[in-house]
Amino acid sequence: MDFRLRGAEAGDVPDILRLVKDLAKYEDMEKEVKLTEKELLEDGFGDTPFYRCIIAEIKGETSSDGPSHAPTEATGAKGAPVVGFAMYYFTYDPWVGKQLYLEEFYVMEQYRGLGVGSQLLRHLSEVSGVMTAPGECEARLTVWCRPQLAISTRCSGMMFVVAESNAPSISFYKRRGAEDLSQEEGWRLFRFDKASLARMAAPAEE
């Protein structure tokens, strides 16, 4: 089965949100997804994009051509079934410089084991390669496409978070050389929620 990687377009937003929800459901956190298609569209394809996204789609198929258990709504802007994605953005570490932050990474269960996830990860890591159509990679021909990737943008590394309960993903990343900083360096992940931010932003009482 051939697949291709390409940069997401505005028309892919419904599928991006579907895959986000699929991943959240896989991690038993589906109720935590509050984002709407409107917000995802504005935040990723507006005047100031806050994220970038690469999607994987089955080459030469329509939704009805895929496995019988594939969701019928898995059709992207190019009319092919969208089966995986990687959402990322760039951050800056004052110690080591630019970092690529991998926010979401997911391949539908029935399409795992075909190399889709490995090619997505490689695409985010590679420095250069054979150019195809703008924003598109043809798997089995080349897995590299337009830069803006970790090495080609002189990033010092790729950062991401994995749920402790997601053993298959932890194993997937470790096989490819990822370091578990929570164990190696003892970092803890913190978050201020919206209520905490509002309290901090409120004028101090005299």
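**View 1. Strands β2 and β3 in the predicted model.** In this predicted model, R52 stands opposite Y88 in β3. The two strands concerned are β2, which covers residues 52-58, and β3, which covers residues 82-93, and they run antiparallel, joined by 6 bridges. As a general point to keep in mind when looking along any regular strand, the side chains alternate between the two faces of the sheet.

**View 2. The hairpin of β3 and β4.** Strand β3 also pairs with strand β4 (residues 97-107), again in the antiparallel sense, and this pairing extends over 10 bridges. Within this pair, F85 stands opposite Y106 in β4. The two strands β3 and β4 form a hairpin, with 3 residues between them.

View 3. The loop between β3 and β4 is the place of W95. Because exposed means over 50% relative accessible area, W95, with a value of 74%, counts as exposed. Together with V96 and W187, W95 makes a nonpolar surface patch of about 440 Å².

View 4. The buried residues in α3 are V116, G117, Q119, L120, L121, H123 and L124.

Terms used:
Residues numbered from 1 in each chain as written. Predicted model: local features only at pLDDT ≥ 70, side-chain atom pairs only at ≥ 80, totals over all residues. Heavy atoms only, no water. Pairing = 2+ DSSP bridges. Helix = DSSP H or I, 4+ residues; strand = E, 2+ residues; numbered from the N terminus. Buried < 20%, exposed > 50% of the residue type's maximum accessible area, 1.4 Å probe, protein only. Patch = residues over 30% accessible without salt bridge, like charges linked within 9 Å, V, L, I, M, F, W, Y side chains within 5 Å. Areas by Shrake-Rupley, 256 points an atom, 1.4 Å probe, with all protein chains shown as cover. Salt bridge = Lys/Arg side-chain N within 4 Å of Asp/Glu carboxyl O.
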